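Here is a short report on one protein model. Look at the structure first, then read on.

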Amino acid sequence: MAGLCEGGNEPPGSLKARYSLLDHKRNEDTLQELNMQPLEEKITEYRNRWLEHISRMEAGRTSQEMLKYHPQGRRRRPGRLQKRLLDPV
């Protein structure tokens, strides 16, 4: 069985993709068929909106200062670097 169908326990009008493992549908095709965005795009969009929000704040706000903060002095501990908010942006 393949294609879109009305969801069983879903609210009326919501669609669910119903495919078997033998249908070999790609994730991109299913996302496009259900009119959904990939998760990476949603996360990037959320981060960009947050950065715009922070940039509109008046100077001297704690959020802006923390965004631009670079610690000085002590050496970091050995091991894997921690991921930072602005690395993927």
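## Contacts along the chain

Two residues are in contact when heavy atoms lie within 4.5 Å. The model shown here is predicted. Take the contacts in the protein with a separation of 6 or more: residues 24 or more positions apart account for 18% of them.

## Overall build

The protein has 3 helices and 2 strands. Read from the N terminus, the order is β-β-α-α-α.

How much of the protein is buried? Of its 89 residues, 9% are buried. The protein exposes about 8,700 Å². Carbon and sulfur atoms supply 51% of that area.

## Salt bridges

Side chains of opposite charge can pair when their charged atoms come close. In this model, the count is 2 salt bridges. The cut-off is a side-chain nitrogen of Lys or Arg within 4 Å of a carboxyl oxygen of Asp or Glu.

Arg26 is exposed, at a relative accessible area of 52%. Glu28 is partly exposed, at 46% relative accessible area.

## The pair in helix H2

Glu45 forms a salt bridge with Arg49. Their closest N and O atoms are 3.4 Å apart. How are these two residues placed in the helix? Glu45 and Arg49 sit 4 residues apart in helix H2, which covers residues 39-56. That spacing is about one helical turn. Glu45 is partly exposed, with a relative accessible area of 36%.

Terms used
Residues are numbered from 1 along each chain as its sequence is written. This is a predicted model: local features need pLDDT of at least 70, side-chain atom pairs count only at pLDDT 80 or more; totals for chains, interfaces and linings use all residues. Side-chain values use heavy atoms; hydrogens and water are left out. Buried means under 20% relative accessible area, exposed over 50%, partly exposed in between (1.4 Å probe, protein chains only). Accessible areas come from the Shrake-Rupley method with a 1.4 Å probe; for residues, only the protein chains shown count as cover.
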